[in-house]
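Work through the exercises below with the model open. Each task is followed by a stepwise solution.

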Number of protein chains: 2
Amino acid sequence: MEIIPVEGVPEVRPGDRLADLLVAGSVAFQDGDVVVVTQKVVSKAEGRMVAVDHDDPRARAAGVEGESVRVLRRRGDLVITETSAGFVCANAGVDLSNVPEGFATLLPVDADRSARRIRDGLRARTGVEVAVVVSDTFGRPWRRGLTDVAIGCAGIAAVVDLRGTTDTQGRELHVTEVAVVDELAGAAELVMGKASGICAAVVRGVDPTWLREGGSVRAEIVRPPAEDLFR
Amino acid sequence: MEIIPVEGVPEVRPGDRLADLLVAGSVAFQDGDVVVVTQKVVSKAEGRMVAVDHDDPRARAAGVEGESVRVLRRRGDLVITETSAGFVCANAGVDLSNVPEGFATLLPVDADRSARRIRDGLRARTGVEVAVVVSDTFGRPWRRGLTDVAIGCAGIAAVVDLRGTTDTQGRELHVTEVAVVDELAGAAELVMGKASGICAAVVRGVDPTWLREGGSVRAEIVRPPAEDLFR
């Protein structure tokens, strides 16, 4: 498996078709590639930006509340909320970095749909059939440090269910549902860096049985509150 | 960046030196490689196995309690605990899969030390300087599906701190501490699969500035209870 940063993508502006910009980058996409695209450029292209006074914490807090259906925890400036799409993350995903001064990005309204649109656009532009993962950077409650995870996907199962296969001892495996899109998002982050302006990476060589229509982070990964032990 | 499964590693038995077994595998290690090794074989080599009656849930529960310092949540057979090493995970990491019938593996006592021992062993055997990550498969409170994360590391920073660098707009980034060892563990899992008997993978081509003495999952990633909003 290879992970290849997509360099040379032009600056993204509201209304841009991301597929058009991605094909201008350094990687010639191939059938079966997984193209991981960061939330930041997806939100910019979709116009999911709001004007904020970076020095006014109350204005930012109002933006976070507008994106949230529930506040889980607060400590100082940090607010952990559940977004309208069901993600539990800091500040509802409202992000001030890598956006023009005076603006913040909001999460895409439906990042699975964003991923489908990029996938369809890449097929239309290049004729190749790729999977797309939209990634964002989230914290974890019991582990320091951030990792990139998937907030949307298309053309790939979000979770690969290995239940019912047997382990190397011939015993049935009971619970091995692997969130492969999250692992793909994290793997892509390793070649993107945070300050280098690279907004996409390709993972080449994934198990082709994972690729399929109808994958969805929202349907497969977002845990319904009723299942949740920690909300 | 490339991710390469290490095939052909002999079956691991208690008392084995893992470095000796890994060099018998399909990959010739190179300076700067990150070698990700699954907890299962580290625990086997270190003799961290206990006899359990797989059909007796009470016996398993007793094993889990012995490994835990705190129970966070219970639901049916599932117990989320904090282990003595500080990991919050299901069943204290006690695992029945891919071990001989009648046994379960426990987490290594100190997986950072386990990683150092493998790293030192590979240097002694091959003369190459690699980083080592010991990985395990954990759930997440708000996301379905499991991902592999790091429980120990050596020769690499667990968290790469990008605070103070500037983003593409020239603005200072405030919080971008990336848990690269967790992303490396997840990336490695993508080529290992659960049922294929592959216990290690190499990530080749990581940023060389991440490689250093003294990295530690326990010191850098395990979140102290006092910082925790969800315990």
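## Exercise 1: a sheet in chain A

Solution. Strands (E, at least two residues) and helices (H or I, at least four) are DSSP runs, numbered from the N terminus. Two strands pair if DSSP finds at least two bridges between them.

Step 1: E4(A) and strand E5 (residues 78-83) of chain A pair over six bridges. A:Arg74 has A:Val79 in E5(A) as its bridge partner.

The model is predicted: local features need pLDDT of at least 70, side-chain atom pairs count only at pLDDT 80 or more, and totals for chains, interfaces and linings use all residues. Residues are numbered from 1 along each chain as its sequence is written, while chains are lettered from A and ligands numbered from 1 in the order in which they are written.

## Exercise 2: the domains of chain A

Task: find how chain A is divided and what the domain contact takes from each side.

Solution. Step 1: domain 1 covers 2-47 + 109-222, and domain 2 covers 49-107. These bounds come from an automatic or database domain assignment.

Step 1: the domain centres, taken over C-alpha atoms, are 23 Å apart. The contact takes 14 residues from domain 1 of chain A and twelve from domain 2 of chain A. Contact requires C-beta atoms, placed from the backbone, within 7 Å.

Step 2: on the domain 1 side, H2(A) gives the largest share, four residues.

## Exercise 3: the two chains

Task: work out how chain B is superposed on chain A.

Solution. Step 1: a rotation of 180 degrees with 0.0 Å of shift along its axis does this (RMSD 0.0 Å).

Step 1: The same surface serves both: 100% of the contact residues of chain B recur in chain A.

Step 2: the contact takes 52 residues from chain B and 52 residues from chain A. H5(B) supplies the largest share of the chain B side, nine residues.

Notes: Contact = placed C-beta atoms within 7 Å. Least-squares fit on C-alpha atoms with pLDDT ≥ 70 in both.
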